[in-house]
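I opened the notebook to look up charged pairs and a few positions around them. My entries follow in the order I made them.

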Amino acid sequence: MTFPERLKQLRKEKGITQTDLANALDISGGTVAMWETGKRRPSFELLMDLAEYFNRSADYILGNSDVPTAFSLDEGEVETFGMWVVQEEYEDVMRKFAMLDEYGKRAVQNILRAEFARCQDQGTLISGNGLSVVIKTKKVSDPINEELPD
């Protein structure tokens, strides 16, 4: 199904006119008519507005998918994925730090101390409640030839 066909179908399922849809999106009725005749396509922002309005995925509205709903996560899943990203970032920082020479390590430690003190003075430290860090190390046989992480 094409975007114009899908849009017309969704609008009819909802029992609204082109004018109703245009008013809901704060656009002209002519714009909706042009979408439904295939003469124009919505901007990304308007496509997202359509997806929200019809409670359908953008791919479904565009006719790229027959799966009407977008993949969604509950708050707990979003929090879990967010923690995984943070964990990967911390691991990357620690891996790079461990590969520095002594001069580099001292420089990073001095910057960290200075920034911590600055945030303390300004009252901008982020709470560390609920934060735990576990460091595991393993010896790499040839760190010089190991590819440096981005």
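Entry one. I began with K96 and D92, whose side chains meet in a salt bridge at 3.3 Å, N to O. For this term I use a side-chain nitrogen of Lys or Arg within 4 Å of a carboxyl oxygen of Asp or Glu. I am working on a predicted model, where local features need pLDDT of at least 70, side-chain atom pairs count only at pLDDT 80 or more, and totals for chains, interfaces and linings use all residues. Residues are numbered from 1 along each chain as its sequence is written, and side-chain values use heavy atoms, with hydrogens and water left out.

Entry two. I asked how K96 and D92 are placed in helix α6. They are four residues apart there, so about one helical turn separates them. Helices (H or I, at least four residues) and strands (E, at least two) are DSSP runs, numbered from the N terminus.

I checked accessibility. K96 is partly exposed, at 27% relative accessibility. D92 is buried, at 19%. My cut-offs are relative accessible area under 20% for buried, over 50% for exposed, and in between for partly exposed (1.4 Å probe, protein chains only).

Which residues join K96 in a network of salt bridges? I found that shared partners link D92, R95 and K96 into one network. The side chains of R95 and D92 meet in a salt bridge at 3.8 Å, N to O. R95 and D92 lie three residues apart in helix α6 (residues 75-99), so they too are about one helical turn from each other. R95 counts as partly exposed, because its relative accessibility is 37%.

Entry five. I noted the background. Side chains of opposite charge can pair when their charged atoms come close.

How many salt bridges does a search of the whole structure find? The search gives five. I looked up one of them, between R11 and E36, with the closest N and O atoms 2.6 Å apart. This pair links distant parts of the chain, 25 residues apart: R11 is in helix α1 (residues 3-14) and E36 is in helix α3 (residues 29-37). Both R11 and E36 are buried.

I turned to V134. It lies in the segment after α7 (102-122). Is V134 buried or exposed? V134 is exposed, with a relative accessible area of 66%. I also took the separation of the C-alpha atoms of V134 and E91, which is 9.8 Å. Along the chain, V134 and E91 are 43 residues apart.
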